[in-house]
Amino acid sequence: MPWVVRDAVDDISRAVGRRWQGLDPWLPPRAELPGGCAAPFVAAGTNGRPAGLAVCRHEHVPDGTLNQTWGAAGRFSLILRVRDAATAVDDLLGQWRDHLAGLPEAGAGDTAAMISWPSRDITAVNALLRHGMQPLTVIAVRSAGRDPETSRSAGDAPAGDAPAGLVIREAGPDDLDVVAEFELGVIQYDALFGAAIIRPGTEALVRAETQASLGVRPAWAWLAEQDGRPVGLVHVQPPGQSGWIAGMARGGVTAYLQTMFVRPGERGAGVGAALVRHAHAVLDGRGVQTILLHYAQVNPLSAPFWNRMGYRPLWTGWEVRPAASLR
């Protein structure tokens, strides 16, 4: 279309950024539209201005990489920028469906069609559902210094309580075996909800990445021990390694909480809350302003826990697998 030029893209990016700020001040202030596999899809609007734009991006995650554990190997992502989601999203999703239908590789089993959508923007939910997409993951956010809520579910320890005798300490190279075990435990649990896929090389890749991260000082991983026995882990990617996700929030020094794991028999007693409070205190002291994390949308434990720890949803990841099954 002749009006899909740089000025039109800039105009809608600014408009969507303003819309986002009205919905959620933690969203980025400007909604840039990246390049895609082809020209943008366009939803026609009024006065010759597009109601929305979208680009499709293709990614094949190579075998033998840990990233392939966190989703399909073939990822087809739609980046949506719309002034009015109620009218534009259906149109753009239909264009994307037709695009994917023409790609033989989108019909392979190990593929997904993916959209990240602001969690507080409810106007597109029905359109996403109509096209066969399901909410799978959440990116949640916490600002520095925000204390956990005091409310709790039945059977949970209060947020300020920790089991008697619990010790939290930095994890180091000598803790490789137990930290790798806990890191793998998170992946195995997330796989129950479709948020992870166990690959043949996953265990070895987790161990290799864990070994590298445990050599870093100051430490960004902490173990909880009960009577000298490791019972839980919290592991954070420092700001220097969190650039891949930092742009999903409004800015500032950002860290990514990649792992929080408590042994099944120890859950509900306050170990996880104590670990997260400890990590928050350290990160606040190191000047971290924003913490982001993922959890599985349908995990019945994650949303209540992370809310009590001061987090709330920022983005929801919607998917359909395989990609060509988009309706």
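## A partly exposed arginine

Arg83 has a relative accessible area of 24%, so Arg83 is partly exposed. Here, buried means under 20% relative accessible area, exposed means over 50%, and partly exposed lies in between (1.4 Å probe, protein chains only).

Arg83 has a partner: its side chain meets that of Asp11 in a salt bridge, at 2.4 Å from N to O. A salt bridge is a side-chain nitrogen of Lys or Arg within 4 Å of a carboxyl oxygen of Asp or Glu. Asp11 sits in helix α1 (residues 6-23) and Arg83 in the loop between β3 (74-82) and α2 (85-101), so this pair ties together parts 72 residues apart in sequence. Helices (H or I, at least four residues) and strands (E, at least two) are DSSP runs, numbered from the N terminus. Asp11 is partly exposed too, at 22% relative accessibility.

## About the model

This model is predicted: local features need pLDDT of at least 70, side-chain atom pairs count only at pLDDT 80 or more, and totals for chains, interfaces and linings use all residues. Residues are numbered from 1 along each chain as its sequence is written, and side-chain values use heavy atoms, leaving out hydrogens and water.

## Other salt bridges

The whole structure holds 17 salt bridges. One of them pairs Asp284 with Arg142, with the closest N and O atoms 3.5 Å apart. Because Asp284 lies in helix α7 (residues 271-285) and Arg142 in strand β5 (residues 134-143), the pair links parts 142 residues apart in sequence. Arg142 is buried at 2%, whereas Asp284 is partly exposed at 29%.

Glu319 and Arg321 also form a salt bridge (2.9 Å, N to O).
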